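Colleague: I would like to learn how to read packing and backbone features from a model. Please take them one at a time.

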Amino acid sequence: MPSAGDTRTPERISEAGAPRGNPFGARFVAPLYLGASLNPVNSSIIATALVAIAAALHIPVGDTAILISSLYLTSALAQPAAGRLAEEFGPRRIFVAGITLVLAAGIVGSLAHSLTALIVARVLIGAGTSAGYPAAMLLIRRRAEQAGHAAPPREVLGGLSITGAATVAVGPAIGGLLIGWAGWRAAFWINIPVAAVALVLALAGVARDPEPVRFGSPRALASRIDLLGMLGFGGSLTALMVFLDALPRLEWPALAAALVLAAALVGWELRAAQPFLDVRLLVANGALTRTYLRNGLTLMGTYVILYGLTQWLEVARGLSAYQAGLMLMPMGVLTALAARVVSRRAVVRWPLIACAVLLLVGAVATLFVGSGTPIAAVICVTAVFGLTSGAGTVANQTVLYQEAPAAALGTASGLLRTFGYIGSIASAAITGTAFHRGVSDSGLHSIAWVLVAISALVLVMTVLDRQLARADRHHTNQPPAGARNPGPAPSTEPTHTEPPRTESRSADMTTGTHTAPALDPARTALLLMDFQPVVLGAVPDPQGVLARAGEALAWARAHGAHVVFVRVALAEKDAAAVPAHNKTFSQAVAAGYLTDGTAATAVHESLKAGEDDLTVRKTRISAFASDTDLRAELRARGVDTLVLAGLSTSGVVLTTLRQAADEDYRLFLLADATADPDPEVHRVLMEKVFPHQAEIISTADLAALSTAAA
């Protein structure tokens, strides 16, 4: 439920420099799009330069693969790191710093005369360009919140996807044109003018970060950004890259090192106060984890074709870099078109299924491509992968935005790109292995068979992912992206599942759990409040919170506790009675968010009401402001103890808890079955306010507390 007392004026945009008419005007989005495109275009533009670089430096073509993998490895590490730094120090600062680093990298690459210098330039490019996408995602979310929007307009996120997806596909074409005209160094110096323009636009169009930089002590800073987690993540990825880069030769020590470092990383992140790689979130939020895997596998397939087919065209078919680039132009155009079409749709499941099917079709078609295949047929095959790239990139980004924690959106966005780059590193290994003895038709067909397996796996994952269908159904009941939000801007920051420890709780040395005064289930009512689709969309980790609410419901059923379902919904007469000065409900009435009788205001389908359960419909924030006399119902059932769980912490939980405390109920609050759009508000209420009125427990504590009463 939207927070009580929210006094924001949605029409006012507080960020300096924000356009009054359209907060997402060209002045704001242009530098973000340009900055976010720097990484994908550098990822792909090098494809047509590898043969020329090898000839200029008098090295085998296979040795130039390090220029691909070095950027991918750097980007895989730097994307989530840049996201974390943007969360910590401000997205604009990190965005500008990244572009500045790209400028320096362009100069280094333009002046390089050795493979080592080129590797350095590519590493710098990877580090600098990695700031663009996660910082842009944070800046877009910040602008949406300041404008009072429930979410940014779909075309804004779609534009970010389109620029990324299209530049990946047109990179080889641009590279082919540039290299055919100005030589292989153009793949490096092109960064100088593009980064300079992006820097000027960013400084002019993106307002300064409002929060001051706080470094603190080196130890505190390292803890806040989880420096050890970053280093462990980097070490494991580096070892994995060494193993993949050596294929078909098996470097078992590198693989062993990757696995050991990965295990150590997981162990560390489970203990870290502010983990860089939130392992618990990845385990609990299956939709987000599957999005990472699906995105990585899809890009693996796309890049296998992008690099493998480009090399095959130049070597086996004898085309120049310029000609090979031109052949890939339709792929880039269709990537942009597919991305634009998908960005206009409110659903993601069918675009993702179509993406997987197209990937499989393209893989099968590649099996029939050979030296005698007409050029037009080859172009048609690349076009299929263009459609795949555009649809997949946009749809996966949409799922990420819906599922990722708001406060960790920068890191989460970086991880999306990281999984893509892991797929790209793997694609380079696949291509290198297939062409190990020379670029040939048989090598291309080997790549195609691998791609068939990848696409089949992506298709199965997508079809079986029920969360995609649920998310689409939920989205149809939500206000359109860009609409005004009746309460706090939706956030997806995960609620801490570990309940805060307060002075009123003691350690039970027998069970190892925290204890509170025992409760008698027969005199206890479990209040499950506002677990409705319309509310779940605005809180973090909705599936995790729902799961824990389900556990509490199962406990109540097993122990004979009373169950009360509370939902917020307005009938026609209730809506008419809402005064204009009630900021929360007047906006909800105007938008039609809380209309009774819709799927959006029903109790979530995973929480089934029993015959003896009580369901009340409330017309204001508190559970006691309902169409049923909740006090009388509780008295009639002999209830003197309430166990509360609900959404949101600063809304129904706060008002109901305060009112119940004034009426002398014994109160228990399930910290892990409660969530709020603002994680900081949730934390303060749980740690500083609620312990004075209620026992703060977790769902895991319920069984022990009821057993103690027996």
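Colleague: How are α3 and α10 oriented to each other?

Modeller: Two packed helices are described by the angle between their axes and the distance between the axes. In this predicted model, helix α3 (residues 65-89) and helix α10 (residues 218-225) pack at about 120°, and their axes are 10 Å apart. Angles over 145 degrees count as roughly antiparallel and 65 to 115 as roughly perpendicular; α3 and α10 are therefore oblique to each other.

Colleague: Which residues of α3 and α10 make the contact?

Modeller: From α3 they are Arg84, Leu85, Glu88 and Phe89, and from α10 Leu221, Arg224 and Ile225. By class, this contact of α3 with α10 has four nonpolar, no polar and three charged residues.

Colleague: At what angle do α17 and α20 pack?

Modeller: Helix α17 (residues 349-366) and helix α20 (residues 441-463) pack at about 160°, with axes 8 Å apart. That angle makes α17 roughly antiparallel to α20. The crossing of α17 past α20 is left-handed. By class, the contact of α17 with α20 has 16 nonpolar, four polar and one charged residues. The α17 side includes Arg349, Leu352 and Ile353, while the α20 side includes Leu444, His445 and Ala448.

Colleague: Which residues touch the most other members of the largest nonpolar core?

Modeller: In soluble globular proteins, nonpolar side chains tend to be buried together. Here the largest nonpolar core has 114 residues, and Ile53, Phe188 and Leu400 touch the most other members. Helix α14 (residues 286-315) gives the most to this core, with 13 residues. A second, separate core has 38 residues, among them Leu526, Val563, Ala675 and Leu705.

Colleague: What is phenylalanine 188 in contact with, leaving aside its neighbours within four places in sequence?

Modeller: Its partners are Ile46, Ile53, Gly106, Gly109, Ser110, Leu118, Ala121, Arg122 and Ile125.

Colleague: How many of the chain's residues are buried, as a percentage?

Modeller: Buried residues make up 57% of the 710 in the chain. The chain has 29 helices and eight strands. Of the contacts between residues at least 6 apart in sequence, 85% join residues at least 24 apart.

Colleague: Is alanine 383 buried or exposed?

Modeller: Residues under 20% relative accessible area count as buried. Alanine 383 has 13% relative accessibility, so it counts as buried. Alanine 383 is in helix α18 (residues 375-403). Not counting residues up to four places away in sequence, alanine 383 touches Met331 and Leu334. Along the chain, alanine 383 and leucine 334 are 49 residues apart, yet their C-alpha atoms are separated by 6.5 Å.

Colleague: Where do histidine 58 and aspartate 530 lie?

Modeller: Histidine 58 lies in the loop between α2 (50-57) and α3, and aspartate 530 in the loop between β3 (524-529) and α22 (533-536). Histidine 58 counts as exposed because its relative accessibility is 72%. Aspartate 530, at 0% relative accessibility, counts as buried.

Colleague: Which peptide bond is cis?

Modeller: The bond from leucine 647 to serine 648 is cis, with omega near 5°. Serine 648 is placed in the loop between β6 (641-647) and α27 (649-662).

Definitions and conventions:
Residues are numbered from 1 along each chain as its sequence is written. This is a predicted model: local features need pLDDT of at least 70, side-chain atom pairs count only at pLDDT 80 or more; totals for chains, interfaces and linings use all residues. Side-chain values use heavy atoms; hydrogens and water are left out. Axes are lines fitted to C-alpha atoms, for helices over the stretch in contact, and angles run from 0 to 180 degrees between N-to-C directions. Helices (H or I, at least four residues) and strands (E, at least two) are DSSP runs, numbered from the N terminus. Angles under 35 degrees count as roughly parallel, over 145 as roughly antiparallel, 65 to 115 as roughly perpendicular and the rest as oblique. A crossing is left-handed if the near helix is turned anticlockwise from the far one by less than a right angle, and right-handed if clockwise. Contact means heavy atoms within 4.5 Å. Ala, Val, Leu, Ile, Met, Phe, Trp, Tyr, Cys and Pro count as nonpolar, Asp, Glu, Lys and Arg as charged, and the others, Gly among them, as polar. A nonpolar core is a set of buried Ala, Val, Leu, Ile, Met, Phe, Trp, Tyr and Cys residues joined through side-chain atoms within 4.5 Å. Buried means under 20% relative accessible area, exposed over 50%, partly exposed in between (1.4 Å probe, protein chains only).
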